[in-house]
Amino acid sequence: MSESTPRSQTVAPTGPANLVKDERVKEMSAWRKSLVRPELGAICGTILVFSFFLIIARGTGMFAPQGILNWGVVSAQFAIIAVGACLLMIAGEFDLSVGSMIGFSGVVIALMSVTWGYPVWFAIIVAFAIAVAIGALNGYLVIKTGLPSFIVTLAFLYVLRGLTIYGSIATTRQTIIGGVSEVAAGDPIAWLFGGKILGFLFVWLADIGLIGKFVAGPRAGQPVIEGVPMLIVWALVLIAFAHILLTRTRFGNWIFASGGDAQAARYVGVPVNRVKILMFMFSAFCATVFATCQVMEFGSAAADRGLLKEFEAIISVVIGGALLTGGYGSVIGAALGALIFGVVQQGLFFAGVESSLFRVFLGVILLMAVILNTYIRRMITGER
Amino acid sequence: MTKPLIELIDIQKHFGPVIALAGVSVSVLPGECHCLLGDNGAGKSTFIKTMSGVHKPTKGKILIDGEEVTFSSPRDAMEAGVATVYQDLAMIPLMSVTRNFWMGREPVRKFGPLQLFDFDRANAVTLEEMAKMGIRLRSPDQAVGTLSGGERQTVAIARAVYFGAKVLILDEPTSALGVRQTANVLATIDKVRKNGIGIVFITHNVRHAMAVGDRFTVLNRGRTLGTAKRGEIQPEELQDMMAGGQELAALEGSLGGTV
């Protein structure tokens, strides 16, 4: 390696075969190159969905500040769990216990804080610790047994849901535990999940007339939007963190390698087991962020929360261009998948369309995005 | 005579009741291509896995530069300068050439408190090393899946050489390749050898072995049948030794020498 010699783009050919342009490789235009990326399917889907709702739900307030906040929050919820599922899927594994984990963590927080009287911050930390430990156990079992993570986490889907319902009923004789808002008031950590930021900005926006104010009721004179919910902040932070981790760091390369071909990665010294277990823990962490935000927002926990969330997370990730078998995918794509999910779910509500059509619409988008993604992926990776 | 880079003396490997290797001795000199020939089941794979630290030998010694060593993991072997390019596990097709090239040893640069993958440097080095091997990449971001089989082997070889391999083990690098790609890989082997790196070339194709080999060792049923220098042995003899008998010679006669 000669680091000192300046590198020139036109290396002198040293042999006849050297650096001669291969006549059987087509040059790709810059435009086409910039288009061919894993997120393309999700970008197209996003444009399509927004155009659709701009047309059919224009006059309904869907794109007024409150409307945006409405679907923004729903999308952020999907995004939080999609980010965890995305990194885990790229590392080659699934976590089907996400939904049960949401219910479980929520009930842990409510039981500890409301029923047993511990401070809310302590309850939140304990919930995170237990959830992340269960994530590690998921990963450990997958690695140790060599079973598909599909099966191992499916077992935890049932175990955790059962434990949650049992724990809730055995201690409080009901499946919904309320009263969290009262005990969380003034708590230093609870605010991180249930609070709102940038309130002053919206006061200012209301003062200059860009957004409306309440005209009557107890909050008369206040802007219609109090601030950006921490849920959205969490979603944005997690997306940025996971995107940089995946695409810009050494560890990100290990995530791709672990999912692409674990054995090949092991042969060059990538700590595949550690990477996979850490990703299971991250998935559990994201589920607990979701659960904590939800408990703080509703002021209660319920044992049946988070039902089917694992599939919604996986669908967002797949719309975002990830390969179900691992080794390929994009956090930005998964986030757009979550946005599509949120916009479609709330948009149909705004447009007054029968809500059962939500599933039809979603199924069609899923199918279209996946077909497009498969085609793009083949172009990028040379799969046949 | 120059000192061998690596010497394996009377290596035995037993898997429970199965004796996979019953005493194999091979040495590799700097700048030579040592061909390891053997039919399926002869113990080639077990032997190279022992050499590259995947398996621990049941009996026998491994010497590197004359010093006895024990490898407890492939990482140990790599640090001692023994690199292995596996036939189908060399590269991850979904990942870019750069990501594959640096896998497990990614260069980082500091960006504030963060340690980021230094793509500028990684891409530049990858392009340069591939150019040395005579491969022109459209872009270092292109997925390995878009490369031909021969090019993939070359990326893997270039990677091993760049990271300081003294001994390079190639596990049947040509067995899945077409004629032209095979020629490219054999040419790459020749280039690498000229840098003083010792190569262990595993194959069951006598013609590929004869094209680049300096010494030839035949494995049969877990044993070495001896090592011969270039010019001391005929392709037909190697073929017979691999088959472990005269059956193939008879068969070869009836097929007109095409095997």
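Student: In this predicted model, how many residues of chain B are in contact with chain A, and how many residues of chain A do they meet?

Tutor: The contact has two sides, and each side is counted by its own residues. On the side of chain B, helix H2 (74–79), strand S8 (114–117) and helix H4 (119–132) are the elements that give two or more residues. By class, that side of chain B holds 16 nonpolar, five polar and six charged residues. The contact therefore joins two sets of residues, where a C-beta distance within 7 Å is what makes a contact, and the counts are 27 residues of chain B and 30 residues of chain A.

Student: What is the order of the strands in the open sheet of chain B, and which strands stand at the edges?

Tutor: Six strands of chain B form this open sheet, with mixed pairing, in the order S6-S9-S10-S3-S11-S12. From one strand to the next, the twist averages 20 degrees. Each edge strand has a single partner strand, so one side of each is left without a neighbour in the sheet, and these edge strands of chain B are S6 (82–85) and S12 (223–229).

Student: At what angle does helix H5 of chain B run to S6(B)?

Tutor: Helix H5 (residues 149–162) of chain B lies across S6 and strand S9 (167–171) of chain B. Taken against the direction of S6(B), the angle of helix H5 is about 170 degrees.

Student: How do helices H2 and H16 of chain A cross, and what is the hand of the crossing?

Tutor: The axes of H2 (residues 40–56) and H16 (residues 357–381) of chain A come within 8 Å, crossing at roughly 145 degrees. Among the residues that meet there are Leu40(A) and Cys44(A) from H2(A), and Ile365(A) and Leu372(A) from H16(A). The residues of this contact divide into seven nonpolar, three polar and no charged. The hand of the crossing of H2(A) and H16(A) is right-handed.

Student: Which element gives the largest share of the largest nonpolar core?

Tutor: This core has 188 residues, and those that touch the most other members include Ala82(A), Leu168(B) and Phe201(B). Leaving aside residues up to four places away in sequence, Ala82(A) touches several residues of chain A, among them Ala313(A), Val317(A) and Ala338(A). The largest share of the core, 18 residues, comes from chain A, from helix H13 (residues 272–298).

Student: Why is Phe251(A) called partly exposed?

Tutor: Phe251(A) lies in helix H11 (residues 250–260) of chain A. A residue is buried if 20 or more other C-beta atoms lie within 10 Å of its own, and exposed if 12 or fewer do. Because Phe251(A) has 17 other C-beta atoms within 10 Å, Phe251(A) is partly exposed.

Note on methods: Residues numbered from 1 in each chain as written. Chains lettered and ligands numbered in written order. Predicted model: local features only at pLDDT ≥ 70, side-chain atom pairs only at ≥ 80, totals over all residues. Pairing = 2+ DSSP bridges. Helix = DSSP H or I, 4+ residues; strand = E, 2+ residues; numbered from the N terminus. Axes fitted to C-alpha atoms, helices over the stretch in contact; angles between N-to-C directions. Left-handed = near helix turned anticlockwise from the far one by under 90°. Nonpolar A, V, L, I, M, F, W, Y, C, P; charged D, E, K, R; others polar. Core = buried A, V, L, I, M, F, W, Y, C linked by C-beta atoms within 7 Å.
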